[in-house]
Amino acid sequence: MITGPLAQMLVRNSKIAETYVSPPALLQMATALRAAGTGVVVISCSDPRLNPYQVLGIDPTLKATMVRNAGGRAFDAIRTLAALQTIGAPGTIAIMHHTDCGMSHFHDSDIKKALLEIAPEAKTTIEAMKFGEIKDSIEDTIREDIALLKASPLIKKTTQIIGLAYDIKTGILTEVKESKPEL
C-alpha cells in the first residue's frame, strides 16, 4: 500500500486527470521542433525549491523541457541531451545553477563517505565517481558546464549554450557569460 506524500500526490493526480488534455503525439511534435530548431532544454538542479517552469514562466506555448539532477551539472546530463538532440533538435541549452545549492554544501568527499557506509563493497566504483560538487561560485561551475557542452562531440556545434544563475532568495535570474569579466 502506498502511504505518505506519494499517496497524496496520486490523489491529486486523479483530480488532474479528470480535466486532462493530452499533448500532441511525440513524433508530430518532434518533427515540428526539428524543423523549427527553436526548442529549449534547461539543465537545472533537482532541488524542490527550484521550479524551472515557474522561474522561466514556461507554459505549453513555449517548447521547453527539463533535465534535472543534483547540482544541475552538465556532465550528468550529456546522455540525455544527446538523446534529446536526436528527438527534437533543440536550438538552445540553458544551464541553470542556483544559490544555496546542496552541492555547494555537500561535496564529493561527503557523498562518497556516506555511500561507502551504505555499500562498502563498491568502494572502487564510489571512489572513482564525480557528483558535481560546487566548491567555488555557481558562476564558475556554470562556466565549467558551458565549456564541457561546447567541447562535447555529442552536442551539435550549432546549439546555443547559455548559462543562468538563479538567486534562490530573490528569484532573480542572471545570465552568466562564458568567460569571467575582466577586473
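Modeller: The sulfur of Cys 101 lies 3.9 Å from the closest cysteine sulfur, which belongs to Cys 45, and that is too far for a bond. This is a predicted model, so the distance is computed from predicted atoms. The cut-off matters here: a disulfide is a pair of cysteine sulfur atoms within 2.5 Å. By this rule the count of disulfides is zero. Next comes the question of cover. Cys 101 has a relative accessible area of 0% and is buried. Cys 45 also counts as buried, at 5% relative accessibility, because buried means under 20% relative accessible area.

Met 9 has a relative accessible area of 51%, so it counts as exposed, the cut-off being over 50%. Together with Ile 2, Leu 6 and Leu 10, Met 9 makes a nonpolar surface patch of about 380 Å².

Strand 4 (residues 160-166) and strand 5 (residues 173-176) run antiparallel and are joined by four bridges. Leu 164 has Glu 175 in strand 5 as its bridge partner. The hairpin of strand 4 and strand 5 has six residues between the strands, and in this hairpin Gly 171 takes a positive phi near 80°.

Conventions
Residues are numbered from 1 along each chain as its sequence is written. This is a predicted model: local features need pLDDT of at least 70, side-chain atom pairs count only at pLDDT 80 or more; totals for chains, interfaces and linings use all residues. Side-chain values use heavy atoms; hydrogens and water are left out. Patches are made of residues with over 30% relative accessible area and no salt bridge: like charges are joined within 9 Å, nonpolar side chains (Val, Leu, Ile, Met, Phe, Trp, Tyr) within 5 Å. Accessible areas come from the Shrake-Rupley method with a 1.4 Å probe; for residues, only the protein chains shown count as cover. A salt bridge is a side-chain nitrogen of Lys or Arg within 4 Å of a carboxyl oxygen of Asp or Glu. Buried means under 20% relative accessible area, exposed over 50%, partly exposed in between (1.4 Å probe, protein chains only). Two strands pair if DSSP finds at least two bridges between them. Helices (H or I, at least four residues) and strands (E, at least two) are DSSP runs, numbered from the N terminus.
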